[in-house]
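Hi everyone, thanks for coming.

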Amino acid sequence: MNRYYWILGAFAALVALLAVGLGLNPRDVPSPLVGKPAPAFTLSQLAEPDKTLSPKDLQGKVWLLNVWASWCVSCRAEHPILVEFSKKSDVPLIGLNYKEVRGDGGFDMSKMAPEEERKLAFQRANAWLSQHGDPYKLTVMDLDGRVGIDYGVYGVPETYVIDKAGVIRMKHTGPVTPDVLGQKIMPLLAELNK
Amino acid sequence: MKLLLPLIFALFFASTATAVDSATEAALAADPVAEKRLQHLSEELRCLVCQNQTIADSNAELAQDLRREIRGMIKDGKSDREIIDFMVVRYGDFVLYRPPVKGITLLLWGGPVALMLLGIFALVRYLRRRATRIADDRPLSADETSRADALLKESNPK
């Protein structure tokens with residue numbers, strides 16, 4: 001009799017282990033970039049394509065970097081939350097438009113000239129922001145997704161909190177929800193801005 | 001039913017035909033040595049989008065981009081180590097199909113060995129007990145034999 005309890009116990013432990021495993025989100029990959037300096041980039045600004053922006057331009061400020069694209073469906077879900085955030089907070093929210101044209105999947109990139117891609121990307125990004133509202137202090141354009149690779153982007157949207165020293169303090173993958181904003185991002189921003 | 005099978009075949013071929021179409025992918029085949037290294041490296045790396053596929057297998061956008069990056073680095077004469085490090089810095093150990101042995105991966109690497117040791121322990125214990133049980137099975141004494149015979153006769157009298 002005793003040994004059956006033992007087997008039952010082992011089985012229950014296995015079930016518990018698997019249940020915990022099922023509850024974890026496999027997309028929640030811990031980013032090795034947290035605690036490291038934000039990778040450098042120099043990218044054209046959406047509103048003024050002749051001007052560029054680099055993370056070092058924001059040195060001394062706590063800021064947010066939000067990766068988005070007009071073809072990204074989840075970005076649409078988080079967008080109202082970002083718009084709301086930008087009205088209430090003075091923390092600069094910088095948009096990183098990720099592969100606006102080639103990420104869409106609807107274009108044959110082998111037939112598109114780089115100039116054409118660039119023009120179309122700016123046009124599409126501007127149209128999307130005027131339609132859904134623009135929460136960004138400014139948006140920079142990562143046409144080929146190289147900066148995205150440096151930031152370890154693997155699914156849009158992604159959001160980074162970067163501190164005054166230019167170090168990434170948090171990364172959130174997937175749409176920002178009111179919970180994530182209220183319970184994780186806002187307290188962190190308050191602490192970093194102290 | 002007659003229509004269904006060709007339809008399935010058509011769908012299958014349509015999906016495989018569109019799978020590899022990027023122009024860059026075609027251009028790289030020019031250098032077989034570099035291509036072999038790319039193949040080897042991208043089989044070690046996990047695609048972050050479709051997490052059970054390697055970068056070599058996956059045709060997700062990100063996998064294509066990462067293959068392009070690897071190709072660029074091979075062209076620049078980077079070593080395999082440098083290329084793998086490039087990926088780990090950005091995506092963490094998760095990107096490796098063979099994660100390094102360290103504190104957090106101890107259970108992953110040690111778990112199967114621990115389970116095997118546990119199994120061997122249980123098996124040895126069982127076999128020992130069985131051996132003593134068998135040793136206990138001494139032949140019946142004369143007295144017991146006659147009692148057993150009596151009982152057998154009682155239950156099926158002929």
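When I say helix or strand, I mean a DSSP run, numbered from the N terminus: helices are H or I with at least four residues, strands are E with at least two. By that count, chain A comes to 5 helices and 7 strands. Reading from the N terminus, the order is α-β-β-β-α-β-α-β-α-β-β-α.

A quick word on the ground rules: this is a predicted model, where local features need pLDDT of at least 70 and side-chain atom pairs need 80 or more, while totals for chains, interfaces and linings use all residues. Residues are numbered from 1 along each chain as its sequence is written, and chains are lettered from A, ligands numbered from 1, in the order written.

So what's the overall size of chain A? Its C-alpha atoms fill a box of roughly 80 × 50 × 30 Å along the principal axes.

Now look at α2 of chain A, residues 73–88. This helix bends by about 40 degrees at A:H79, the bend being the angle between axes fitted to the seven residues ending there and the seven starting there. A proline, A:P80, follows within four residues.

Which residues of α2(A) are buried, meaning 20 or more other C-beta atoms, placed from the backbone, lie within 10 Å of their own? They're A:C75, A:E78, A:H79, A:L82 and A:F85. Across chain A, 34% of the 194 residues count as buried. The cover over those α2(A) residues includes β3 (63–68), β4 (93–98), α3 (114–132) and α5 (178–192) of chain A.

Conventions:
Buried ≥ 20, exposed ≤ 12 C-beta atoms within 10 Å, placed from the backbone. Contact = placed C-beta atoms within 7 Å.
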